[in-house]
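Here's a quick briefing to read with the model open beside you. It starts with one residue, then goes topic by topic.

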Amino acid sequence: MAAAPTGPRGALIDEDLQLSLWMCYELSYRGFTGIDDAWETEPSLLATRTALEARLLPALRHLTAATRTGDGTAAPEEVPARLAAVLESGDGPPLALYLQREATAGQFGEFVAHRSIYHLKEADPHSWAIPRIGGRAKAALVEIQADEYGGGRFERMHSELFRATMRALGLDDTYGAFLDQVPAVTLAVSNTMSLFGMHRRWTPALLGHLAALEMTSSLPNRRYGNGLRRLGHQPEATRFYDEHVEADAVHEQLAAHDLCGGYAHDHPGAVGDILFGAASALAVDNLMAQHLLDRWRDGLSALRDRTVAIAA
């Protein structure tokens with residue numbers, strides 16, 4: 001077994017830590033076939049999860065330190081502007097542009113496989129916040145989440161639209177199918193939002209995390225859709241991305257002003273945590289994007305086992 005990565009960011013690239021934490025969290029989502037549901041609240045397992053989280057949180061704080069300067073002095077009414085500043089300062093690698101203009105069919109398939117770890121349960125981590133908040137923020141969150149779940153129409157749920165994209169690309173759309181193919185940085189994307197979602201103490205960070213996703217997704221999703229069209233794919237493959245171009249343009253203002261701004265108005269002391277959540281969302285996503293680009297530019301697969309069925 002390889003030694004655990006060291007350094008302030010080591011937890012984010014620690015394969016054993018991220019896989020273990022993902023499995024701990026999954027017990028509170030859909031669980032595992034053959035595993036007793038009682039393990040979700042088994043004290044020894046919760047103790048293990050806590051120890052893993054105690055390594056992840058400092059890594060996130062270190063990773064986001066540069067984009068969170070002055071968080072402690074921000075006033076609630078400044079939240080929308082501060083969110084925009086955090087996201088602007090955290091601009092990452094040009095993954096979306098690469099996928100639009102250069103990616104091969106195989107590389108695009110790998111990207112979708114990586115994203116499946118989250119998108120096949122899209123919206124679920126952020127829904128933990130619904131019973132924990134009230135007022136204007138709650139109304140905004142429910143409006144955003146209703147769109148994520150297709151407005152009550154199964155076939156319009158974003159997770160189902162993503163599943164359709166996977167099928168169009170010839171990928172296995174089974175929940176968790178690529179779990180053992182993706183690296184720690186990809187699991188860290190999912191684990192970060194689960195960390196914030198599983199703990200009421202981190203509710204403001206969860207809201208900031210969601211706002212970051214909504215505020216930064218329209219342009220990348222337009223590029224993803226165009227990349228698939230460049231590769232000759234039909235609307236069933238691009239619908240997931242096309243849907244986000246329109247929906248997230250609306251959600252951007254709702255998330256910044258009503259969700260995070262409304263919550264900060266009611267909880268002035270939570271501003272720093274809101275911005276921490278937003279910065280974490282962007283920074284961890286950037287790590288995953290850099291991993292994919294680095295592997296592809298070296299002529300390598302971004303998955304562990306290139307024998308999986310992804311067309312070249």
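Not counting residues up to four places away in sequence, which residues does Thr-238 touch? Gly-225, Leu-228 and Arg-229 are the ones Thr-238 touches. This is a predicted model, so keep that in mind throughout. Overall, the protein has 13 helices and zero strands.

**Overall build**

- Reading from the N terminus, the elements go α-α-α-α-α-α-α-α-α-α-α-α-α.
- Along its principal axes, the C-alpha trace spans about 50 × 45 × 35 Å.
- Of the 312 residues, 53% count as buried.
- Take the contacts with a separation of 6 or more: 80% of them come from residues 24 or more positions apart.

- Thr-238 belongs to helix 12 (residues 235-266), and it's buried, with a relative accessible area of 2%.
- Two of the residues it touches, Gly-225 and Leu-228, are on the list of buried residues in helix 11.
- Does the length of helix 11 (residues 218-230) agree or disagree with its residue count? It agrees: at 1.5 Å a residue its 13 residues should span 18 Å, and the end C-alpha atoms are 18 Å apart.
- Just after helix 11, Gly-232 takes a positive phi of about 90 degrees.

**Aromatic pairs**

- Searching the whole structure turns up 11 aromatic pairs.
- One of them is Phe-108 with Phe-111: the ring centres are 5.8 Å apart and the planes sit at 90 degrees, so this pair is edge-to-face.
- Those two phenylalanines are three residues apart in helix 5 (residues 105-119), so about one helical turn separates them.
- As a rule, an α-helix has 3.6 residues a turn, so residues three or four places apart point the same way.
- Phe-108 is buried at 0% relative accessibility, and Phe-111 is buried at 0% too.
- Phe-196 and Phe-276 are another edge-to-face pair, because their ring centres are 5.7 Å apart and their planes are at 70 degrees.
- Here the partners come from helix 9 (residues 184-198) and helix 13 (residues 271-297), so the pair ties together parts that are 80 residues apart in sequence.
- Phe-196 is buried at 0% relative accessibility, and Phe-276 is buried with a relative accessible area of 1%.
- There's also an aromatic cluster, formed by Phe-108, Phe-111, Phe-162, Tyr-224, Phe-240 and Tyr-241.

**Charges over rings**

- Phe-276 turns up again here: the charged end of Arg-61 sits over its ring, 4.6 Å from the centre.
- The charged end of Arg-30 sits over the ring of Tyr-175, 3.9 Å from its centre.

- Val-189 lies in helix 9 and counts as buried at 12% relative accessibility.
- Which residues is Val-189 in contact with, leaving aside its neighbours within four places in sequence? Val-284, Asp-285 and Met-288.
- Val-189 and Val-284 are 95 residues apart along the chain, yet 5.8 Å separates their C-alpha atoms.

- Most residues other than glycine have a negative phi, and most peptide bonds are trans.
- Ala-123 has a phi near 85 degrees, a positive value in a residue other than glycine.
- You'll find Ala-123 in the loop between helix 5 and helix 6 (124-127), where it's buried with a relative accessible area of 2%.

**Cysteines**

- A disulfide is a covalent bond between the sulfur atoms of two cysteines.
- How many disulfides are there in this model? The count comes to zero, taking 2.5 Å as the cut-off between cysteine sulfur atoms.
- Cys-24 is buried, with a relative accessible area of 8%.
- Cys-260 is buried as well, at 0% relative accessibility.

Definitions and conventions: Residues numbered from 1 in each chain as written. Predicted model: local features only at pLDDT ≥ 70, side-chain atom pairs only at ≥ 80, totals over all residues. Heavy atoms only, no water. Helix = DSSP H or I, 4+ residues; strand = E, 2+ residues; numbered from the N terminus. Buried < 20%, exposed > 50% of the residue type's maximum accessible area, 1.4 Å probe, protein only. Contact = heavy atoms within 4.5 Å. Phe/Tyr/Trp six-rings, centres within 6.5 Å; stacked < 30°, edge-to-face > 60°. Lys NZ or Arg CZ within 6 Å of the ring centre and 35° of its normal. Expected span 1.5 Å × (residues − 1).
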